[in-house]
Each structure stands twice: as structure tokens, then as C-alpha cells.
Amino acid sequence: LILTTQALGYPLAIKFHKASPFKIVLIVGSVLIFFSPFLCQFLHNYPLFVLCYAVLFASAFAILNIVPILICWEYWPQKRGLINGILAGANALGGFLFQQVCQHVVNPDNIPPAVKVKNGEVYNYYYDSRVYQHVPVMFRWMAVMFVC
């Protein structure tokens with residue numbers, strides 16, 4: 001759902017960028033990317049959580065991600081491929097580093113998941129309360145990191 005929202009959000013973000021100054025686009029995207037994980041820490045309803053995280057967060061990511069691409073394309077129209085490659089690499093590196101930070105916040109003691117086995121087959125992985133009690137804290141960290 002996140003990837004679908006992002007894919008649908010890019011054309012809308014391009015239109016939003018063309019209709020508004022980039023500072024307004026950045027402010028709207030920053031507010032959305034802050035409030036989506038911030039609100040997630042308070043949600044206990046799964047459909048609302050998915051709506052808030054997958055739709056709001058992915059839309060904000062598309063809005064914020066398209067700004068540097070379009071600005072760089074305007075300044076270097078003959079180097080669009082190089083610009084896309086650099087920005088895609090930076091995006092991937094950011095995702096890798098961000099995952100490490102989130103894992104450290106949620107599971108600082110590196111507690112392995114418990115495994116339930118039935119008839120010799122694994123059917124459920126789960127973490128105990130020492131891990132999942134840190135999830136709201138992770139969403140607070142996410143909100144702060146995205147604003148910075």
C-alpha cells in the first residue's frame with residue numbers, strides 16, 4: 001500500500017510543485033511527514049493506523065522526494081539520469097540507515113522473536129512486550145528525525 005500510494009503520489013506531487021512555490025510544497029510535505037508517525041503512536045485501530053502511516057506518510061514522502069528531483073532537473077536538464085541515480089542511491093542509503101536506527105530504538109537488547117511450531121512447521125513469530133512497548137517511542141523518534 002505504501003508503494004502504491006507513493007507511485008500515485010508522484011504525479012500529484014509534480015502538479016502540486018508546478019502550481020505552488022517549492023517552499024510551500026516543502027512545508028506541506030514536512031507537516032505531513034511529521035504528523036503521520038506522530039499520530040501513529042496514539043492509534044490502536046489497525047485500519048486507521050494503515051491509513052495514517054501508509055497513505056499520509058507515503059504521500060508526504062512523495063511530495064518531499066519529488067522536490068529535489070524537479071529542482072535538479074531544471075538546473076541540469078542534460079544530466080537527468082545521473083541526478084536520478086544519485087538521488088535514488090541517497091534514498092536507498094537513507095532507508096538502510098533509518099532501519100538500523102528504528103531497530104535500535106524498538107529492540108535495543110536484540111531480543112530474538114519467539115517461535116511457535118505446530119506439527120514441525122513454524123506458524124507464528126512474535127516478540128514479547130519488552131520489544132513491542134518501544135513501538136510508540138519509535139514513532140516519536142521518526143517524527144523528530146523527519147522534521148530534522
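This is a predicted model: local features need pLDDT of at least 70, side-chain atom pairs count only at pLDDT 80 or more; totals for chains, interfaces and linings use all residues.
Let me start in a loop: Asn-110 sits between helix H4 and strand S1, which covers residues 114–118. The phi angle of Asn-110 is near 55 degrees, a positive value in a residue that is not glycine. Is Asn-110 buried or exposed? Its relative accessibility is 55%, and the limit for exposed is over 50%, so Asn-110 counts as exposed.

Now a residue in another loop. Gln-41 lies between H2 and H3. Its relative accessibility is 8%. Buried means under 20%, so Gln-41 counts as buried. What does Gln-41 touch, once neighbours within four places in sequence are left aside? The answer is Pro-136, Phe-139 and Arg-140.

Phe-139 leads us to the largest nonpolar core. This core has 14 residues, and Cys-40, Tyr-53, Met-138, Phe-139 and Met-142 are the ones that touch the most other members. Helix H2, residues 22–40, supplies at least two residues of this core, and so do H3, H4 and H6. Which helix gives the largest share? That is H3, with 4 residues. As background, nonpolar side chains in soluble globular proteins tend to be buried together.

Take Cys-40 as one member of that core. Not counting residues up to four places away in sequence, Cys-40 touches Phe-49, Cys-52, Tyr-53 and Phe-139. There is also a second, separate core of 7 residues, and its members include Val-25, Ile-63, Ile-66 and Ile-69.

Leaving out residues up to four places away in sequence, Ile-14 touches Ile-66 and Leu-70. Ile-14 has a relative accessible area of 26%, which lies between the limits of 20% and 50%, so Ile-14 is partly exposed. For a sense of distance along this chain, consider Ile-14 and Glu-121. They are 107 residues apart along the chain, and their C-alpha atoms are separated by 48 Å.

Here is another pair. Ser-59 and Leu-8 are 51 residues apart in sequence, and their C-alpha atoms are 8.4 Å apart in space. Ser-59 is found in helix H3. With a relative accessible area of 23%, Ser-59 is partly exposed.

Let us stay in helix H3, which runs over residues 46–75, and move to Asn-65. Asn-65 has a relative accessible area of 17%, and the limit for buried is under 20%, so Asn-65 is buried. Which residues does Asn-65 touch, not counting those up to four places away in sequence? They are Tyr-10 and Asn-91. With Tyr-10 there is also a polar contact between the side chains, at 2.8 Å.

The last topic is the largest pocket. It holds about 630 Å³ of space. The pocket is lined by 20 residues, and Phe-57, Phe-61, Asn-91, Gly-95 and Phe-146 are the closest to its centre. Asn-91, then, is both a contact of Asn-65 and one of those residues closest to the centre. Which helices each supply at least two residues of the lining? They are H1 (2–19), H3, H4 (80–106) and H6 (135–147). By type, the lining has 15 nonpolar residues, 5 polar ones and no charged ones.

Technical notes. Residues are numbered from 1 along each chain as its sequence is written. Side-chain values use heavy atoms; hydrogens and water are left out. Buried means under 20% relative accessible area, exposed over 50%, partly exposed in between (1.4 Å probe, protein chains only). A polar contact is a pair of N or O atoms within 3.5 Å; within protein, one must be able to donate a hydrogen and the other to accept it, and residues adjacent in sequence count only if both atoms are side-chain atoms. Contact means heavy atoms within 4.5 Å. On a 1 Å grid over the protein atoms alone, a cavity is a set of points where a 1.4 Å probe fits but cannot get out, and a pocket is an open set with protein on both sides within 12 Å along at least five of seven lines; lining residues have an atom within 4 Å of a point. Grid points are joined across faces, edges and corners, and a volume is the space filled by probe spheres set on the points. Ala, Val, Leu, Ile, Met, Phe, Trp, Tyr, Cys and Pro count as nonpolar, Asp, Glu, Lys and Arg as charged, and the others, Gly among them, as polar. A nonpolar core is a set of buried Ala, Val, Leu, Ile, Met, Phe, Trp, Tyr and Cys residues joined through side-chain atoms within 4.5 Å.
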